[in-house]
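Please examine the sequence and the structure shown below. The briefing that follows treats helices, strands and charged side chains in turn.

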Amino acid sequence: MAPTNIRAALAADPDVGAGNVLHKLIEHGAALDGPGMTFDTPVDDIPAWQGLTLGELYTRAAARAAWLHAAGIRRRDPVAIYVTNAADCFLNWMGLTWLGAVPALMNPNIPGDIAAEYIRRLRGVALLTDAAHRERLGEADLGGVAVHDVAETGSGDPATAPVAFRHDADDPIAITHSSGTTRMPTAVVHSHASLFHATRRIRLSGPRAQGTERILSALPAPHAAGIMTVNHALSNRSELLFLSRQDDGAAVLEAIERWRPSGVFGFAVTWAELARYDLAARGIDSVSLWFNTGDCAHEPHIRNLVNAGSRNVVTREGVRRVKGSSFVDGLGSTEMGHSAFHITHRSDTERYGRCVGVPHVFADVALLDTETGREVPVGAVGHFGLKSPTLAPGYWNDHGNTYRNRLAGYYLTGDLMYRDEDGYYYHVDRAVDSIDLGGGEWLYTAMSEERILRAVPAVRDCTVVSARTPDGRVVTDVLLSLHDSQATQASSVETRSAGGGFADPQADHTEAVRGALTPAAGATLRQVVVFPDDDLVVGPTGKVRKFLMRQRHLAAMANA
């Protein structure tokens, strides 16, 4: 069946969901020699970087389903997956959902002690892990779960895999979690329907978007966004390369040049890393789309990308390939299941200032006053509340957290936003990071970082650390990462006209930073610290990076 007809068949099939896309593709007649997935590590006897066809992907998943079934895994069994590589993560996830089990995907960067406690709290039956993570766990108490080496799970006989479990809409198909590098992870449950709704509603309802023909994913594999990207690509019959690491901008850039994708999916922290490089000098002209989810991205990082790559445009003379790409931004989280907003940036667009666009058709959005439960007026900052079929049903084994963040029927994401008169939404900060300065003034750290990046061209990335002193004063320290003296930021008009792009590590940036902040925030500025690149903390998301940079800085201040 042609890809267009496959997409239509999936969109019309009410039983398709996040847990059975692979099976439904074959049921609806997708070509077995069509695209499956590509990984940057070997898969059984298939070399790294060699694409698996749909048929090969199905067979490799069947092998794992057979092995896991022989090991005693059954439907509804929670099974943790704590591995290094994207291939091990997704192929074992597919094998477990085949059985109707509940895979709990774990961030590979979680420290061993936190990972052990998280595994105990899952109350699962098994752990699938690799040698590196087994060593990290040491002799920790894992609550009596069986421990299996993922090097063995691919050795099952595909022919002995049981009949695939038939998922109901509300059945759990994955547990993902908050980062786990900043605190004990919260285990978020995703259902068969919730984690596929956006794919059905906006990805399969129209033509396949330009840039999604050949996708390189720099998203974390054990994240809700990772699962959605896999199902997005499979459903759209797109080629997909899923990288195992996202914290190395050089490796991501080299993968783009090697694999030549039409679209790159990632989190904001990846775009900050790519801002290290002169993209005009790199072979990335194949990229027509950058897709961001999680934390919304900063304007200079977006401009750096949209001035690179190329895309097709329709003219009177026909379709032409022109310089410059598109950047789709939004705002998402593990619990949201999918970005609730969308906006497209190009080199000729100007709506920035942490604008995340307008809500998707499936998202019922409200900005709430948490004291009254009522919506705030246009222009006022409120707590972002969401009602959506994409929302996670709750937290695994944790009713308290499941209901704590609900207000007036909305899930409170922890984000602060405002809406303008045109209906566009803007993200200003995480609620936990904002500080009341009194007199109606607030210090919003994320918006402050945006203002600094726009105003000080030598700065590649920054972290704002604000806190109250014991005597009640608010003090703010700003941590800067500067552009390398041998590279330029973006080919942006703003940077070049401002004379920036080259960083003097000895320059005093204090007054430039103060001038970028609001007067009330600038009055709290205590110091500006330049962090050498070797001292930077690179995490899977911007929230993780910000937290770890703050903790390191506060610890250094305490020991000073």
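Helix H14 is largely enclosed by the rest of the structure, because eight of its eleven residues are buried; buried means under 20% relative accessible area, exposed over 50%, and partly exposed in between, with a 1.4 Å probe and protein chains only. Helices (H or I, at least four residues) and strands (E, at least two) are DSSP runs, numbered from the N terminus. This is a predicted model, in which local features need pLDDT of at least 70, side-chain atom pairs count only at pLDDT 80 or more, and totals for chains, interfaces and linings use all residues. Residues are numbered from 1 along each chain as its sequence is written, and side-chain values use heavy atoms, with hydrogens and water left out.

- The buried residues of H14 are Thr445, Ala446, Met447, Ser448, Glu449, Glu450, Ile452 and Leu453.
- Glu450, which lies in H14 (residues 445–455), is buried yet has no salt bridge; a salt bridge is a side-chain nitrogen of Lys or Arg within 4 Å of a carboxyl oxygen of Asp or Glu.
- The nearest side chain of opposite charge to Glu450 is that of Arg354, 4.6 Å away; Lys and Arg count as positive and Asp and Glu as negative, while His and the chain ends are not counted.
- Leaving aside residues up to four places away in sequence, Glu450 touches Ala297, His298, Glu299, Gly353 and Arg354, where contact means heavy atoms within 4.5 Å.
- The axes of helix H12 (residues 299–306) and H14 come within 8 Å and cross at roughly 50°; axes are lines fitted to C-alpha atoms, for helices over the stretch in contact, and angles run from 0 to 180 degrees between N-to-C directions.
- H12 and H14 are therefore oblique to each other; angles under 35 degrees count as roughly parallel, over 145 as roughly antiparallel, 65 to 115 as roughly perpendicular and the rest as oblique.
- Glu299, Pro300 and His301 of H12 meet Glu450, Leu453 and Arg454 of H14.

**Strands and sheets**

- Strands E26, E27 and E28 form an open sheet in the order E26-E27-E28, with mixed pairing; two strands pair if DSSP finds at least two bridges between them.
- Strand E26 (459–468) and strand E28 (525–530) stand at the edges with a single partner strand each, so one side of each is left without a neighbour in the sheet.
- E26 and strand E27 (residues 474–482) pair in the antiparallel sense over nine bridges, and Val465 has Asp477 in E27 as its bridge partner.
- H14 lies across E26 and E27, running at about 145° to E26.
- Strand E24 (residues 435–438) and strand E25 (residues 441–443) run antiparallel and are joined by three bridges.
- Between E24 and E25, which form a hairpin, there are two residues, and Gly439 in the turn has a positive phi of about 65°.

**Salt bridges**

- The structure holds 23 salt bridges.
- Glu299, Arg303, Glu350 and Arg454 are linked in a network of salt bridges.
- Arg121 forms a salt bridge with Glu117, their closest N and O atoms being 2.9 Å apart.
- Arg121 and Glu117 are separated by about one helical turn, because they are four residues apart in helix H5 (residues 112–122).
- Arg276 and Glu273 meet in a salt bridge (2.9 Å, N to O), and both of these residues are buried.
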